[in-house]
Number of protein chains: 2
Amino acid sequence: MILDYKRKDDGLDKDARKEEIKRLRAMLVSRQQTVREAKLPVIVMLEGWDCAGKGNLIKELICEMDPRFFSVKNFGRTPEYEERYPFLKKFFDVLPEAGKFLFMDTGWMEDTVGKYLRREIPKEEYERRVEACNILERQLRDNGYVLVKLFLHISRGEQLERITALRENRDTQWRISGDDLWQQQEYDRFLKTYDEFMEETEKTAPWHVLDGESRKKALYDALSAITGTVEKAIEAGPYDGKPTDRKFPLLGHPSQKDADLSATIDPEEYKTELKRLQKKLTKLHNQIYRKKIPVVICYEGWDAAGKGGNIRRLAYPLDPRGFDVIPIASPTPAELARHYLWRFWTKLPRSGHVAIFDRTWYGRVMVERIEGFCSENAWKRAYGEINEFERELTDWGTVVLKFWIHIDPDTQLERFEARQNTPEKQWKITDEDWRNRDKWPQYEEAVEDMLQKTSTAYAPWYIIESVDKKYARIRTLQIVTDALEKAVNENVVRGMRSQRAKKEKKD
Amino acid sequence: MILDYKRKDDGLDKDARKEEIKRLRAMLVSRQQTVREAKLPVIVMLEGWDCAGKGNLIKELICEMDPRFFSVKNFGRTPEYEERYPFLKKFFDVLPEAGKFLFMDTGWMEDTVGKYLRREIPKEEYERRVEACNILERQLRDNGYVLVKLFLHISRGEQLERITALRENRDTQWRISGDDLWQQQEYDRFLKTYDEFMEETEKTAPWHVLDGESRKKALYDALSAITGTVEKAIEAGPYDGKPTDRKFPLLGHPSQKDADLSATIDPEEYKTELKRLQKKLTKLHNQIYRKKIPVVICYEGWDAAGKGGNIRRLAYPLDPRGFDVIPIASPTPAELARHYLWRFWTKLPRSGHVAIFDRTWYGRVMVERIEGFCSENAWKRAYGEINEFERELTDWGTVVLKFWIHIDPDTQLERFEARQNTPEKQWKITDEDWRNRDKWPQYEEAVEDMLQKTSTAYAPWYIIESVDKKYARIRTLQIVTDALEKAVNENVVRGMRSQRAKKEKKD
């Protein structure tokens with residue numbers, strides 16, 4: 001049991017501890033510069049009991065640090081029925097950039113344990129989230145993050161004393177909420193679950209239990225843990241994890257080999273079908289909005305394959321208040337300085353909304369692989385990381401659809417030349433397009449790998465034959481309407497079960 | 001009266017209108033590229049009655065546009081007591097970057113009129129906001145934004161018919177809220193106030209009233225207004241407004257001439273005072289949090305004047321969950337592509353929170369002026385724009401304090417050399433610091449202009465003599481605690497009056 005600690009005496013007397021704290025604080029300040037130069041991102045996650053003094057500890061940790069290179073993020077309690085995104089999004093949103101520290105006043109542990117004990121999520125969802133936390137921690141480490149996990153521990157008696165003291169003082173009584181009182185009452189259940197959670201999440205980064213009953217000792221231990229971990233990380237150099245061998249429910253299809261590029265549609269049939277499917281989509285959009293189902297639609301494909309026109313036909317019938325088209329260009333410096341999925345996590349659709357990504361996170365295993373923008377480890381690891389990312393989305397109830405808009409090299413050449421020769425379209429064609437075209441065989445291989453390694457039962461790929469663009473548009477509309485219809489009728493939106501249950505109770 | 005329109009017949013029959021719409025839509029699509037090349041930011045604000053068809057109109061406007069170059073933002077109704085920022089912040093947050101279109105489904109008109117008619121803000125606050133809207137529109141224009149304001153108009157009878165039709169259909173009845181029914185009942189009051197608002201906000205950009213009773217006519221008129229306005233703006237070239245001659249309550253002090261750089265504090269007194277003032281600040285931070293008073297503290301000063309250490313002494317006693325230190329570096333490309341105050345608007349503190357800016361918007365009238373990073377018009381205009389910005393903050397109840405941390409050139413030289421000679425401090429000194437030092441006289445002049453033109457009764461400047469850094473720290477702490485004490489006791493937080501009234505009623 002991790003939390004069953006005996007008060008350890010480290011032999012330091014008051015003055016010696018004071019000196020040590022001074023020394024470690026100075027070290028932390030100078031480490032800020034080393035971390036900045038080494039471009040390490042450091043996350044300090046502080047968990048612990050209500051009234052254990054978390055806010056104060058963070059204050060003491062940061063008080064001499066340079067505010068340009070750290071930030072503090074406090075995660076209040078959001079009840080599950082108010083959550084509009086997968087639970088990990090809020091943590092991804094605040095990821096520090098390389099070279100900076102982030103201090104979190106409670107993180108994914110409190111969010112998971114607290115919601116479970118409050119019965120906002122059922123047992124099986126709790127277990128799923130514990131696994132998701134492990135995946136998150138591994139992904140962070142593999143992508144170069146340094147993670148320090150602290151738990152500020154106080155006994156039941158100590159907590160009661162503090163609550164009583166705060167409540168007796170007119171100026172501080174407002175600080176005590178029903179939540180605090182409830183945790184005091186349920187202390188033993190919390191102790192057991194905190195401890196279980198910690199046992200189950202020691203795989204990537206160890207937990208440091210701090211003695212919250214002595215402010216100075218807790219501060220000293222926290223400073224030691226942080227400087228020690230940072231020290232080791234700097235010595236070891238940038239971490240670039242190996243791919244894992246985790247298994248996913250891969251479909252084994254589609255493959256470019258099976259694509260029938262001669263597929264066409266009769267122009268008259270196109271008109272009728274387009275109208276019919278768009279009308280259906282308008283209705284379905286309405287329903288997914290009301291049922292709060294989030295939808296992610298991914299577009300990848302060859303240059304000039306007709307992505308833009310395809311997206312427009314899909315977006316047209318949607319209510320503009322309920323969808324976003326998200327064009328993905330090369331990453332900005334702020335994006336490059338963070339986990340490569342950060343810029344996608346932060347753009348996920350709210351529940352009930354549709355996000356259409358015009359190019360996606362698959363850039364990692366295509367352009368970044370081919371152009372050498374990331375290490376071989378990094379792109380090979382990405383297949384699994386992306387499968388885990390999409391799993392997290394679908395587990396929360398998101399409908400994820402992925403389209404590869406497909407043409408052959410001759411068709412591309414024709415369209416490139418047409419663009420070059422039409423003044424209004426010239427801006428659409430750049431030297432880079434021609435350079436990419438020269439690498440068709442490499443891309444073909446990368447696309448095939450991607451289709452094989454990331455077409456899963458929960459987030460399948462579809463090849464959309466787009467030599468006849470009209471045919472392609474009808475195909476995507478058909479797939480989207482079918483998938484939404486299924487989602488609306490199935491009505492099993494896992495992550496939101498409790499949300500809907502609460503709502504229905506209210507109505 | 002703007003809204004007292006007669007149904008105008010523009011002589012187009014159904015087919016001719018269809019052709020015209022096609023032509024204008026194609027023009028809008030091609031204008032996207034012209035706008036992109038000319039780096040114009042375009043805002044289309046669509047206001048209008050409930051059930052007038054605003055969502056649908058936006059859909060029809062964007063349906064052929066390239067999603068990489070526009071976005072749509074829908075502003076739902078947030079009751080005033082839930083607002084945590086000055087009302088204009090939400091609009092600043094979504095400003096489009098140069099070269100892109102933003103479509104707003106209701107904007108500052110609905111936010112102002114709706115809240116006033118719902119009695120969420122009193123008459124005088126309504127009038128203040130009308131003025132604030134005018135200031136916003138002028139600032140946008142002067143900084144190169146193109147603004148198209150549309151109002152989708154339907155009669156009372158038409159609105160009733162649409163509400164009834166939507167309510168009779170099971171699939172659509174959820175779309176009708178109490179708000180819609182209330183507007184229908186209060187149609188005449190809304191008509192009068194919409195109209196007044198429009199009359200009062202025609203100074204910078206005209207209103208275009210669209211006939212919401214004919215979808216095609218409304219679409220045609222909207223397309224004409226947008227393409228026409230954009231056309232004119234492109235012909236006219238980038239707009240760079242002249243400074244206004246608006247008067248502000250200028251204090252006429254402080255001035256660098258009056259600074260007494262020999263001021264010092266006895267080290268023993270420093271220790272006692274620091275403790276006393278920090279303790280007081282902790283208590284006050286608690287109170288401003290509970291009273292929901294936002295606080296903005298600005299630090300500017302000479303390089304090596306001791307800003308960092310000063311900020312740390314001020315931040316130390318604050319609860320980390322209730323403040324942010326915001327370091328301001330040179331603007332990123334995304335920031336450069338927007339109104340220069342955008343990056344500050346987006347970082348304002350929530351009510352009850354403290355934001356400490358380490359360098360500020362005053363960069364516009366210092367480094368940007370001296371280095372020629374903006375036009376002469378731009379920095380001369382900035383004094384007034386900044387006074388307006390700070391007025392908006394203080395009108396909403398924000399405490400705004402501005403510190404100029406002051407030293408003389410000799411002291412700076414000493415500190416630069418000390419940094420150069422201390423290995424751990426070398427990162428703090430760069431070639432740029434030396435280059436800036438050579439421009440001391442120009443900066444001195446710019447600082448003096450800034451102090452004279454932007455020290456207002458509502459947002460005063462303080463010169464903090466910092467040759468003795470300890471003295472400087474006590475001075476700022478003293479000023480901050482005095483100002484917060486005053487704010488806590490005065491209890492007149494204008495913008496939040498209704499918020500507190502509601503809250504008190506609830507409790």
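In this predicted model, the domain assignment divides chain A into domain 1, residues 14–236, and domain 2, residues 256–506. Taken over C-alpha atoms, the centres of domain 1 of chain A and domain 2 of chain A are separated by 37 Å. Where the two domains meet, 21 residues of domain 1 of chain A and 22 residues of domain 2 of chain A take part in the contact.

The domain 1 side of this contact can be described by its elements. In chain A, α3 (89–93) and α5 (123–142) each supply at least two residues of the side of domain 1 that touches domain 2. The largest share, 6 residues, comes from α5(A). By class, this side of domain 1 of chain A divides into 11 nonpolar, 2 polar and 8 charged residues.

The contact between the chains comes next. Here 28 residues of chain B are in contact with 28 residues of chain A. On the chain B side, at least two residues each are supplied by α1, α2 (54–62), β2 (70–74), α11 (307–315) and β7 (323–327) of chain B. Of these residues, the largest share, 4 residues, comes from α2(B). The side of chain B that touches chain A has 12 nonpolar, 5 polar and 11 charged residues.

One residue pair illustrates the arrangement: B:Val44 has B:Val148 in β4(B) as its bridge partner.

Finally, B:Lys8 lies in the segment before α1 (14–38) of chain B. This residue is classed as exposed because 10 other C-beta atoms lie within 10 Å, and the limit for an exposed residue is 12 or fewer. B:Lys8 and B:Leu314 stand 306 residues apart in sequence and 64 Å apart in space, C-alpha to C-alpha.

Definitions and conventions: Residues numbered from 1 in each chain as written. Chains lettered and ligands numbered in written order. Predicted model: local features only at pLDDT ≥ 70, side-chain atom pairs only at ≥ 80, totals over all residues. Buried ≥ 20, exposed ≤ 12 C-beta atoms within 10 Å, placed from the backbone. Domains from an automatic or database assignment. Contact = placed C-beta atoms within 7 Å. Nonpolar A, V, L, I, M, F, W, Y, C, P; charged D, E, K, R; others polar. Pairing = 2+ DSSP bridges.
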